[in-house]
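Notes follow, in the order I checked things.

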Amino acid sequence: MRSRTENVTSTAYASNIVVSTRPIILLGFTIYSSAAAAQFIQLHNTITLPADDEVPVLMLPVAATDFLGAFWGSEGRYFSNGLVICNSSLPTAKAIGASDCWFDVQVATPI
């Protein structure tokens with residue numbers, strides 16, 4: 001499968017980032033959380049920010065004022081609808097947090 005790689009990056013602190021509104025391959029990301037408490041980073045297979053209580057595809061903890069990095073290799077992880085990454089105070093259900101994250105996401109778009 002041919003693909004085009006690109007970065008999707010915040011321009012300010014945010015609680016979420018809509019990475020793609022079409023099918024996408026997530027290669028990796030780096031997220032900085034400036035929150036004073038630990039929180040969770042959630043990945044959702046959707047094109048818009050999901051409502052609170054929606055269940056993520058995957059969640060990862062990030063410590064207070066810390067970085068979180070993830071890498072899925074050159075094959076990546078496929079999201080069939082699109083990809084939204086957000087912070088949450090809960091691990092398994094979305095409970096959006098404050099605008100305290102900086103997102104830098106690397107993706108491959110199938111062409």
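Entry one. I went through the rings and counted four aromatic pairs. The model is a predicted one, so I keep that in mind throughout.

Entry two. I began with Tyr13 and Tyr32, whose rings make a tilted pair, with centres 6.5 Å apart and 40° between the planes. I call the pair tilted because its angle falls between the 30 and 60 degree cut-offs. Then I looked up where the partners sit: Tyr13 lies in the loop between strand E1 (3–9) and strand E2 (16–20), while Tyr32 belongs to strand E3 (residues 24–33). They are 19 residues apart, and the pair links distant parts of the chain.

Next I turned to Tyr13 and Trp102, and found an edge-to-face pair with 6.0 Å from centre to centre and 90° between the planes. Here, too, distant parts of the chain are linked: the loop between E1 and E2 holds Tyr13, strand E9 (residues 101–110) holds Trp102, and 89 residues separate the two. I checked the surface of Trp102 as well; its relative accessible area is 34%, so I noted Trp102 as partly exposed.

Which residues do the ring pairs link into a cluster? I wrote down Tyr13, Tyr32, Phe67 and Trp102.

Terms used. Residues numbered from 1 in each chain as written. Predicted model: local features only at pLDDT ≥ 70, side-chain atom pairs only at ≥ 80, totals over all residues. Heavy atoms only, no water. Helix = DSSP H or I, 4+ residues; strand = E, 2+ residues; numbered from the N terminus. Buried < 20%, exposed > 50% of the residue type's maximum accessible area, 1.4 Å probe, protein only.
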